[in-house]
Amino acid sequence: MSNTPSTNAAHMTAVAERYVQALNQGDLDAVMALFAADACVEDPVGSEPRRGTEAIRGFFQRVTSTPMTVVHDGEPRAVANEVAFGLKLSFTRDGKHTTLSVIDHFRFNADGDIVAMRAFFGPQNIHVA
C-alpha cells in the first residue's frame, strides 16, 4: 500500500479531528477546506446527496449556524482511503436540547481531500430532552 495522504491513517484521523473542531467553532470555511471541489455529502444516509462545493456549502452553512458541542464517540477507524468515526452532537433548537449520535464516514482522494461523506443515523439516534 502506498503512503499517499489518502491512505495515511494519521492524515485521515487528523482530518476527522479538524472536522470536529470546525463544527464546534461554527467555522464554515474550515469545514469546506476539508472537501474536494467535486465531493458528495449524504447526510443522513438515504437523503438526497449534495454534490459539489455550492451544494455542500449550503448544507454546512445551515449546520454551522446552530451552535453545538461535538465530541468523538470512540476512536476513528482509518483504513485504505476511508475513515469512520462516531460523534455525539449536542445543540438546542426551538428551546429543546437535542443530542444526536452519528457515525460519519469519509472517503479521500489521492490529495487527501474528502470526496465522499456519509452520516449514519436514524430517528432512534436523536434524543430530545
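This is a predicted model: local features need pLDDT of at least 70, side-chain atom pairs count only at pLDDT 80 or more; totals for chains, interfaces and linings use all residues.

Colleague: With which residue does the side chain of arginine 57 meet in a salt bridge?

Modeller: The general idea comes before the case. Side chains of opposite charge can pair when their charged atoms come close. Here the partner of arginine 57 is aspartate 29, with 3.2 Å from N to O. This pair links distant parts of the chain, since arginine 57 belongs to helix α3 and aspartate 29 to helix α2, 28 residues apart. Aspartate 29 is exposed, because its relative accessible area is 53% and the class begins over 50%.

Colleague: How many salt bridges are there by this rule?

Modeller: The count comes to 3 salt bridges. Another of them joins glutamate 42 and arginine 118, whose closest N and O atoms are 2.9 Å apart. Glutamate 42 is in strand β1 and arginine 118 in strand β7, so this pair ties together parts that are 76 residues apart in sequence.

Colleague: Is glutamate 42 buried or exposed?

Modeller: The limit for a buried residue is under 20% relative accessible area. Glutamate 42 has 15% relative accessibility and therefore counts as buried.

Colleague: Which residue meets aspartate 73 in a salt bridge?

Modeller: That residue is lysine 88, at 3.9 Å from N to O. Aspartate 73 sits in the loop between β3 and β4, and lysine 88 in strand β5, so the bridge ties together parts that are 15 residues apart in sequence. Both ends are partly exposed: aspartate 73 has 40% relative accessibility, and lysine 88 has 32%.

Colleague: Let us turn to helices. How does one read the sides of α3, and which of its residues are buried?

Modeller: In α3 the buried residues are Gly52, Ile56, Phe59, Phe60, Val63 and Thr64. They lie on the same side of α3 because they cover an arc of only 130 degrees around its axis. On the other side, Glu54 and Arg62 are exposed.

Colleague: Against which elements do the buried residues of α3 pack?

Modeller: They pack against α1, α2, β1, β2, β3 and β7. As for the length of α3, its 13 residues reach 18 Å from the first C-alpha to the last, close to the 18 Å expected at 1.5 Å a residue.

Colleague: Which residues of α1 are buried?

Modeller: The buried residues of α1 are Met12, Val15, Ala16, Tyr19, Val20, Ala22 and Leu23. Seen down the axis, they fall within an arc of 165 degrees and so line one face of the helix. The face turned away from this buried side carries the exposed residues Ala10 and Gln25.

Colleague: What is found at the ends of α1?

Modeller: After the helix comes glycine 26, whose phi is positive, near 65 degrees. Glutamine 25, which is in helix α1, has a relative accessible area of 60% and is therefore exposed. The C-alpha atoms of glutamine 25 and proline 67 are separated by 7.9 Å, although the two residues are 42 residues apart along the chain.

Colleague: How many residues has the largest nonpolar core?

Modeller: The largest nonpolar core has 32 residues, and those with the most contacts inside it are Tyr19, Phe35, Phe60, Leu87, Phe106, Ile114 and Met117. The elements that give two or more residues to this core are α1, α2, β1, α3, β3, β5, β6 and β7. Its largest share, 7 residues, comes from α1. Leucine 87 touches residues including Tyr19, Val20, Val70 and Leu100.

Colleague: Where is histidine 105 placed?

Modeller: Histidine 105 is in strand β6. Its side chain is joined to that of glutamate 82 by a polar contact of 2.5 Å. Among the other residues that histidine 105 touches are Ala116, Met117 and Phe120.

Terms used
Residues are numbered from 1 along each chain as its sequence is written. Side-chain values use heavy atoms; hydrogens and water are left out. Helices (H or I, at least four residues) and strands (E, at least two) are DSSP runs, numbered from the N terminus. The expected span of a helix is 1.5 Å times one less than its number of residues. Buried means under 20% relative accessible area, exposed over 50%, partly exposed in between (1.4 Å probe, protein chains only). The arc is that of the directions from the helix axis to the C-beta atoms. Contact means heavy atoms within 4.5 Å. A salt bridge is a side-chain nitrogen of Lys or Arg within 4 Å of a carboxyl oxygen of Asp or Glu. A polar contact is a pair of N or O atoms within 3.5 Å; within protein, one must be able to donate a hydrogen and the other to accept it, and residues adjacent in sequence count only if both atoms are side-chain atoms. A nonpolar core is a set of buried Ala, Val, Leu, Ile, Met, Phe, Trp, Tyr and Cys residues joined through side-chain atoms within 4.5 Å. Lists of a residue's contacts leave out its neighbours within four places in sequence.
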